Amino acid sequence: MNIRRRAHHHNVIPTASMADIAMLLLIFFMSTTIIRADDSDHVRLPGAVSGEKLLDETAVRVALGSSGTVTLNDAPVAMDDVGAVLGDKLAKNPALLISLHADASAPYERVAYLIEQLKAARAPRVALAVRKRDAR
Amino acid sequence: MKPLRRRHPHPEIPLVSTADVSFLLLIFFLATTVFQVERGILLGLPVPGAPAVVARADRVARLTVGEDRSLQLDGKPVALGSLKEALRLRLGREPRTLVTVEVHPRAPYDALVQTLDQVKLSGAREIALRTAEGA
């Protein structure tokens, strides 16, 4: 009777392509990372506990700085023109989400004026952007 | 005399450490990347020309925010910390209470957000935002 020889397999994890995978991941992170200074437009958002996550990537960001400057997706715009500019955008995409980033110290009358413009532009979805604050 | 042989070395860029360098960079990006998620309080704005919402007086909780951030609920002063409980009591009696928030034009925007935050946390679902006269 022949005794079969047991084959001894060497269990080795192939690591030859590790460098290629690392390179691919590196390229992904390098191309998707945006190094952004939070205070670029001098907006300090108010904190809130009940803020919901805004997952709409196409949202238009309307920022109101403490000095009264208004930017629309980081491009400066006159406060009186916000409604007209947004009206054009909403005509193309009626379900557009408008994210209002107003500085915590901005007087409410300026924010109210912006909200009135959003109302006139028939913006159906508006979010008051906040930073997350833990419940006390 | 023996002529000297010229050496022709093959010029090469050493690539042995490329994998290590890319790994180090990868770890750096993995450790420093923050996928930023925006947060916000969602509002549904009325369409221009839409009829005004009419509610019974006993169903309305009138909340006013003063220039100095002071709060009043139906004309009575209330602290921001106790607003949530005060509204919860009110909602317990009348679950369909409409909370109207009226903010002084010169009050800081932060005061509005803090108040709206407490109103939302109280469980109120019908909230209306008003601007004080003269805004």
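**Close-up views of a two-chain predicted model**

In chain A, 72% of the contacts with a separation of 6 or more are between residues 24 or more positions apart, a contact being heavy atoms within 4.5 Å. The model is predicted: local features need pLDDT of at least 70, side-chain atom pairs count only at pLDDT 80 or more, and totals for chains, interfaces and linings use all residues. Residues are numbered from 1 along each chain as its sequence is written, chains are lettered from A in the order in which they are written, and side-chain values use heavy atoms, with hydrogens and water left out.

**Figure 1. Overview of chain A.** Chain A has three helices and seven strands, taken as DSSP runs (helices H or I, at least four residues; strands E, at least two) numbered from the N terminus. The order from the N terminus is α-β-β-β-β-β-α-β-α-β. Of its 136 residues, 39% count as buried (under 20% relative accessible area; exposed is over 50% and partly exposed lies in between, with a 1.4 Å probe and protein chains only).

**Figure 2. The aromatic pairs.** Over all chains, the search finds two aromatic pairs. Rings of Phe, Tyr and Trp (its six-membered ring) pair if their centres lie within 6.5 Å; planes under 30 degrees apart count as stacked, over 60 as edge-to-face and the rest as tilted. A:Phe28 and A:Phe29 pair edge-to-face, 5.2 Å centre to centre and with 75° between the planes. B:Phe28 and B:Phe29 also form an edge-to-face pair, at 5.2 Å centre to centre and 75° between the planes. A:Phe28 is partly exposed at 41% relative accessible area, whereas A:Phe29 is buried at 8%. In chain B, Phe28 is partly exposed at 45% and Phe29 is buried at 12%.

**Figure 3. The interface of chain A and chain B.** In this view, 50 residues of chain A are in contact with 42 residues of chain B. The two chains bury about 4000 Å² between them, 66% of it on carbon and sulfur atoms; buried area is the accessible area (1.4 Å probe) that two parts lose on being put together, summed over both. On the side of chain A, the residues that lose the most area to chain B are A:Phe29, A:Tyr108 and A:Leu128, together 19% of what that side buries.

**Figure 4. A salt bridge across the interface.** The rule finds two salt bridges between chain A and chain B, each a side-chain nitrogen of Lys or Arg within 4 Å of a carboxyl oxygen of Asp or Glu. One of them joins A:Arg133 to B:Asp117, with the closest N and O atoms 3.3 Å apart.

**Figure 5. Surroundings of B:Leu26.** B:Leu26 lies in helix α1 (residues 18-32) of chain B and is buried at 5% relative accessibility. Leaving out residues up to four places away in sequence, B:Leu26 touches A:Ala22, A:Leu25, A:Leu26 and A:Phe29.

**Figure 6. Surroundings of B:Ser122.** B:Ser122 belongs to helix α3 (residues 109-122) of chain B and is buried, with 7% relative accessibility. Beyond its neighbours within four places in sequence, B:Ser122 is in contact with B:Lys84, B:Leu87, B:Arg88 and B:Leu91. A polar atom of the B:Ser122 side chain lies 2.5 Å from the backbone oxygen of B:Val119.

Technical notes: Polar contact = N/O pair within 3.5 Å; in protein donor to acceptor, adjacent residues only side chain to side chain.
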